Amino acid sequence: MPALAFVDTPIDTFSGDCSAVFVPSSIDGSCHWSPSLSSSLYRIEGWGAPYFAANSSGNISVRPHGSNTLPHQDIDLMKVVKKVTDPKISGGLGLQLPLIVRFPDVLKNRLQCLQSAFDYAIQTQGYGSHYQGVYPVKCNQDRFIIEDIVEFGSSFRFGLEAGSKPEILLAMSCLCKGNTEAFLVCNGFKDSEYISLALFGRKLELNTVIVLEQEEELDLVIDLSRKMNVRPVIGLRAKLRTKHSGHFGSTSGEKGKFGLTTIQIVRVVRKLREVGMLDCLQLLHFHIGSQIPSTALLSDGVAEAAQLYCELIRLGAHMKVIDIGGGLGIDYDGSKSGESDLSVAYSLEEYAAAVVASVRFVCDQKSVKHPVICSESGRAIVSHHSVLIFEAVSAGKQHETPTDVQFMLEGYSEEVRNDYENLYGAAMRGDRESCLLYVDQLKQRCVEGFKEGSLGIEQLAGVDGLCESVIKAIGAADPVLTYNVNLSVFTSIPDFWGIDQLFPIVPIHKLDQRPVARGILSDLTCDSDGKINKFIGGESSLPLHELDNNGCSGDRYYLGMFLGGAYEEALGGVHNLFGGPSVVRVLQSDGPHGFAVTRAVMGQSSADVLRAMQHEPELMFQTLKHRAEEQMNNNKACGDIGKEKLVAASCLARSFNNMPYLSMETSADALTAAINNLGVYYRDEAPAGGGGKGEDEKWSYFD
């Protein structure tokens, strides 16, 4: 019987056809490609404006001052990556990927926009008080982020929110340099030590507010405030009836984790009156849920809380502040929709206007003085200013058509021969459905033969190759590739694994070239869950470019995950002992490069993550070094034993010092450079374009 001649002639190849299935219908299907088409394809304008755009060079540009960014102030993200990853000998910083790039200018702009939105709403609606926000440090506790927020927000009394003892310690320390009127809102479960710290903050003239999450905390506050001779400012968190659906809404409502019921609130007020401390109750806090989808729901919840605020005043409390909690959402998918957890159907200005209007309406009805409005907007403040950069190192082939494995009928059973004849007949008739049926039947029969031992691996490979060729030829091959990325999902994008949170992922270059493949992303961990196969827009794969030389050499392929500045770093673990990424801070500069790297820190080394799991890298190094020296001393074939020992020690030290991720450099010179690049690079931010010194911190095992 003749061979299947059509198997080497795919029916539905890409070649010159410009109508790939992943290009949206709204995009021109011509062969010409442009950054604007990539912007539409990846929805960059939807989720990225006003901070991210595709520039004329086909790279992602960062607009550090949002809509106020001048054309010459755009920062080309690829230029930042090149500066950071190039070896020091070439003028770079020599850091390894993955990499987090922080843009403090974006963070500053987010704070200013939030404050401006509330200021405008207050002014236009004739509201009788002011807005004074706090940043919940749980979103990202990085020292420099907290210090930036305190500095940038000092002029408008922006404060911090803490939910644990370490968080209140860092908040107190940072606010010592901030505005004395800035709130330090103390949330979370509390013991005597936590409450003592908050009361001590008032002795330091910090504006600390102890928010009661549980009724039992009140007795501790009363007792400790008397012992420490401190008049506390007390708030309480109310469990509202208003809540929204979805994952984030489950943290609110009557069955929420935190807060007091109306019954408990009445008892708290009664006890404070009995001990002569009702004047200390000054703040009402509530939380509808993260990513509030619409202003209608927001207004409903704020109005309920405002009624409760007015009732507390009627009962004699000296209320001054209504804290609307978190919930200010961001648009992860660019859809501007309130139908999912990934987007919101309002702007920053609309959010502020809804809050102010709801509080004002209720208070005016009750003839109550307008309170200070406080919010705990963390996600909306820090998400945009941080970009995770990682690299695709290789891509799996779609359906391989082998040229070195042939299918020969000899040696197969009669049943297999019959299946082949049926497949051949279907192919000659052009019967696609029957072809798929007979391919499955042929493969299954041969797998059974292999398991029984009647077929060898060469014969099984021949059948697999034949079937792959048929599937490819009839256009039934799965077009989705697996791109292997130098990343740990569990370390850098834990919310994707934990709660199916999606983030925009986009190539940060080659946007002037048409992506000709679709792919999912597979990380480095030895875990089947270590993959990204869901993307914004309801997509199960991502449009990507082909890798040059399969990622092994030539041009490197960089991807960016955006809007991940909140929670991901704090939640990330060390699964498979892959540690945290490198981190750099980048400021817009009027110098020749348009930016200045003000701080750069290499990611966690193998020694760091081993130490985090109670291992002792120094002892491990000495053990392995000693074992290597013993083997060399016993091996008479060794030449220069002294040199061999030095090489072994150097290799071991390099492995302990380097990051656990794949190194894309392969030469001995590059590996030596990697050792020399270890350490922390730091430059004072005051002179935007000046130089700086770096200090290398290397192990001293074989000095």
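1. A residue counts as buried when its relative accessible area is under 20%, as exposed when over 50%, and as partly exposed in between (1.4 Å probe, protein chains only). On that basis, 52% of the 703 residues of the chain are buried.

2. This is a predicted model, in which local features need pLDDT of at least 70 and side-chain atom pairs count only at pLDDT 80 or more, while totals for chains, interfaces and linings use all residues. Residues are numbered from 1 along each chain as its sequence is written, and side-chain values use heavy atoms, with hydrogens and water left out.

3. The chain has 22 helices and 23 strands. These are DSSP runs numbered from the N terminus, helices being H or I with at least four residues and strands E with at least two. Contact means heavy atoms within 4.5 Å. Among contacts in the chain with a separation of 6 or more, 75% are between residues 24 or more positions apart.

4. Lysine 138 sits in the loop between strand 5 (134–136) and helix 5 (143–152). Its relative accessible area is 44%, so lysine 138 is partly exposed. Apart from neighbours within four places in sequence, lysine 138 contacts Glu167, Tyr567 and Ala570.

5. Cysteine 526 is found in the loop between strand 16 (517–522) and strand 17 (531–532). Cysteine 526 counts as exposed because its relative accessibility is 73%.

6. Serine 386 belongs to strand 13 (residues 386–395). With 3% relative accessibility, serine 386 counts as buried. Leaving aside neighbours within four places in sequence, serine 386 has contacts that include Ile100, Val101 and Arg102, and also Met561, Leu563, Gly564, Gly565 and Glu569.

7. The next points concern helix pairs. Axes are lines fitted to C-alpha atoms, for helices over the stretch in contact, and angles run from 0 to 180 degrees between N-to-C directions. Angles under 35 degrees count as roughly parallel, over 145 as roughly antiparallel, 65 to 115 as roughly perpendicular and the rest as oblique. A crossing is left-handed if the near helix is turned anticlockwise from the far one by less than a right angle, and right-handed if clockwise.

8. Helix 8 (residues 217–228) and helix 9 (residues 262–274) have axes that come within 11 Å and cross at roughly 20°. The two are therefore roughly parallel to each other, and their crossing is right-handed. Leu218, Asp219 and Ile222 of helix 8 meet Val268, Lys271 and Leu272 of helix 9. This contact has 4 nonpolar, no polar and 2 charged residues. Here Ala, Val, Leu, Ile, Met, Phe, Trp, Tyr, Cys and Pro count as nonpolar, Asp, Glu, Lys and Arg as charged, and the others, Gly among them, as polar.

9. Helix 14 (residues 432–452) packs against helix 15 (residues 457–473) at an angle of about 170°, with the axes 10 Å apart. Helix 14 and helix 15 are therefore roughly antiparallel to each other, and the crossing is left-handed. Residues that meet include Leu442, Cys446 and Phe450 in helix 14 and Leu460, Val463 and Cys467 in helix 15. By class, the contact of helix 14 with helix 15 has 12 nonpolar, no polar and 3 charged residues.
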